[in-house]
Amino acid sequence: MNTSIVIANVIHSTPVWVWFVLAAVIVLGLQRTQARTVTVSRIVLLPLLMFVMMVSSVFTTTSPDFVLPVFAVALAVGAGFGNKLGQASGARAGEAPGTIRVEGEWWSLALVLGAFVLHYAFNVVEATDATLAASDGFVLVRTLLLSALGGIFAGRAATVVWLGTRPVSA
């Protein structure tokens, strides 16, 4: 079958609400390219949602014995990378109590778009090729990528909150 026909069929079969989610992801990611002062809860909300989405996606599919250790290692590696991104964020306490000043950056847009694309691709595979979706190789790749992304979201958010709420030494 022609690749362009397959792609057109996949896009046509995608529920309309998915495109609204994509638009929201892009808007949220673009907002993070500007320096801003935000509350701690606002810093944590999107990464927490993404973390929960990534982790739940790993464990809602067939779980071979290797999933838990792969999940743990990928999550830890992702959290370490997220910590580095958080350290580079320039986060500091905001002027009002409970707020954090963060610099604009493009990582958030790249991460949320990456998460969207991965979920979309994995869902397409699951909908079109059940044999591939159940294979150990697919489950391994899915677990590695989603767990690492979940770790990046969690590690970055935790570091930004820590930097933005710690007392400033005189």
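What percentage of the 170 residues in the protein chain is buried? The share is 38%. Keep in mind that this is a predicted model.

**Whole chain**

The accessible area is about 9,700 Å², and carbon and sulfur atoms hold 71% of it.

**Secondary structure**

Now show the chain as a cartoon. Look for seven helices and three strands. Trace them from the N terminus: the order is α-α-β-α-α-β-β-α-α-α.

**Contacts and charges**

Turn to how the chain meets itself. Take the contacts with a separation of 6 or more: 80% of them join residues 24 or more positions apart. Then colour the charges. There are 9 positive and 7 negative ones, and their mean positions lie 16 Å apart.

**Arginine 156**

Select residues 136-165. This is helix 7, and arginine 156 sits in this helix. Is arginine 156 buried or exposed? Its relative accessible area is 15%, under the 20% cut-off, so arginine 156 counts as buried.

Show the residues around arginine 156. Leaving out residues up to four places away in sequence, arginine 156 touches Gly82, Asn83, Leu85, Gly86, Ser89, Glu105 and Ser108. Pick glutamate 105 from that group. Which kind of contact links the side chains of arginine 156 and glutamate 105? They make a polar contact, at 3.1 Å.

Definitions and conventions:
Residues numbered from 1 in each chain as written. Predicted model: local features only at pLDDT ≥ 70, side-chain atom pairs only at ≥ 80, totals over all residues. Heavy atoms only, no water. Helix = DSSP H or I, 4+ residues; strand = E, 2+ residues; numbered from the N terminus. Buried < 20%, exposed > 50% of the residue type's maximum accessible area, 1.4 Å probe, protein only. Contact = heavy atoms within 4.5 Å. Areas by Shrake-Rupley, 256 points an atom, 1.4 Å probe, with all protein chains shown as cover. Lys, Arg positive; Asp, Glu negative; His and termini not counted. Charge placed at Lys NZ, Arg CZ, Asp CG, Glu CD. Polar contact = N/O pair within 3.5 Å; in protein donor to acceptor, adjacent residues only side chain to side chain.
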